[in-house]
Amino acid sequence: MTVTDIDILETAIDWAKAGMFLATFFNIFGLLFLIANVGFWHFGKTAMAKAYVIPLLVAGSLLVVIGVGLIISNQMRLAGFPGAVGADAAAFVAAEIDRAEQTIASYQNVVFKAIPVIIMICAALVLFLESPVWQASVIVVVAMMAVIMLVDTNASMRLENYRDQLLLAERQK
């Protein structure tokens, strides 16, 4: 491996480790939702408080599953980086740039367009829904979408930085 190949490998490893760190926040928020679920279940006396139990359970579970899934996928990516860079660094860089650009485009559509629309719709629905279960459900959806936006906005910026570093490495070869 050349010095440039080692730099590419270090950049990829740093990006994957940062992705695992960000995925941990999905787990933390998911656990907080689950703790809140237990609190509402145990201490909730009103219909509105009891209505939060199932939505918080579902949202918390989804966030934990997302976090664990991202950590596992990044661990698998980490294991494959040295072999891929060692076999053909230029092909690795090209594949990572392509993957990064596709993911950035997905972030643009989902995180920065669809999620804000979902939040606005749910916020409006709170005003019109009278059932505590439905009100609690849309409020929890807003909270979960806010968590996803918070984490994925940071992930998007890190991915753009990673892509830029790979583009720079590609030009230097």
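Among the elements of the chain, mean pLDDT (the predictor's confidence in each residue, from 0 to 100) is lowest in helix 1, residues 3-43, at 92. It is highest in helix 2, residues 47-51, at 96. Helices here are DSSP runs of H or I with at least four residues, numbered from the N terminus. Across the chain, pLDDT averages 93. A score of at least 70 is reached by 97% of the residues. The model is predicted, so local features need pLDDT of at least 70 and side-chain atom pairs count only at pLDDT 80 or more, while totals for chains, interfaces and linings use all residues. Residues are numbered from 1 along each chain as its sequence is written, and side-chain values use heavy atoms, with hydrogens and water left out.

The largest nonpolar core holds 38 residues. A nonpolar core is a set of buried Ala, Val, Leu, Ile, Met, Phe, Trp, Tyr and Cys residues joined through side-chain atoms within 4.5 Å. Buried means under 20% relative accessible area, exposed over 50%, and partly exposed in between, with a 1.4 Å probe and protein chains only. Phe33 and Phe92 touch the most other members of this core. Helix 1, helix 3, helix 4 and helix 5 each give two or more residues to the core. Helix 5 gives the most, with 12 residues.

The surroundings of Phe33 were listed by contact (heavy atoms within 4.5 Å), leaving aside neighbours within four places in sequence. Phe33 is in contact with Leu56, Ala59, Gly60 and Leu63, and also with Val140, Ala143, Met144 and Val147. Phe92 lies in helix 4. Its relative accessibility is 8%, so Phe92 counts as buried. Not counting residues up to four places away in sequence, Phe92 touches Ile8, Ala12, Phe81, Ala84, Val85 and Tyr162. Ile8 is 84 residues from Phe92 along the chain, yet their C-alpha atoms are separated by 9.1 Å.

Tyr162 is also touched by Thr11, as is Gln165, with residues up to four places away in sequence not counted. Thr11 lies in helix 1. Thr11 is buried, with a relative accessible area of 19%.

Ser156 is placed in helix 5, residues 132-172. Its relative accessible area is 0%, so Ser156 is buried. Beyond its neighbours within four places in sequence, Ser156 is in contact with Tyr107 and Phe112.

Ile104 belongs to helix 4. Ile104 is buried, with a relative accessible area of 8%. Its contacts include Leu159, Glu160 and Arg163, not counting residues up to four places away in sequence. Ile104 and Ile71 are 33 residues apart in sequence. In space, their C-alpha atoms are 19 Å apart.

Charged pairs were examined next. The count comes to 3 salt bridges, each defined as a side-chain nitrogen of Lys or Arg within 4 Å of a carboxyl oxygen of Asp or Glu. Glu96 pairs with Arg77, with the closest N and O atoms 2.4 Å apart. This pair links distant parts of the chain. Glu96 sits in helix 4, residues 89-128, and Arg77 in helix 3, residues 53-87, 19 residues apart. Glu96 is buried at 5% relative accessibility, whereas Arg77 is partly exposed at 25%. Glu96 also forms a salt bridge with Arg99, with a closest N to O distance of 3.0 Å. Arg99 and Glu96 both lie in helix 4. They are 3 residues apart, about one turn of the helix.

Another salt bridge joins the side chains of Asp164 and Arg163, at 3.3 Å from N to O. Asp164 is partly exposed, with 39% relative accessibility. Arg163 counts as buried, at 18%.

Ile28 is partly exposed, with a relative accessible area of 40%.
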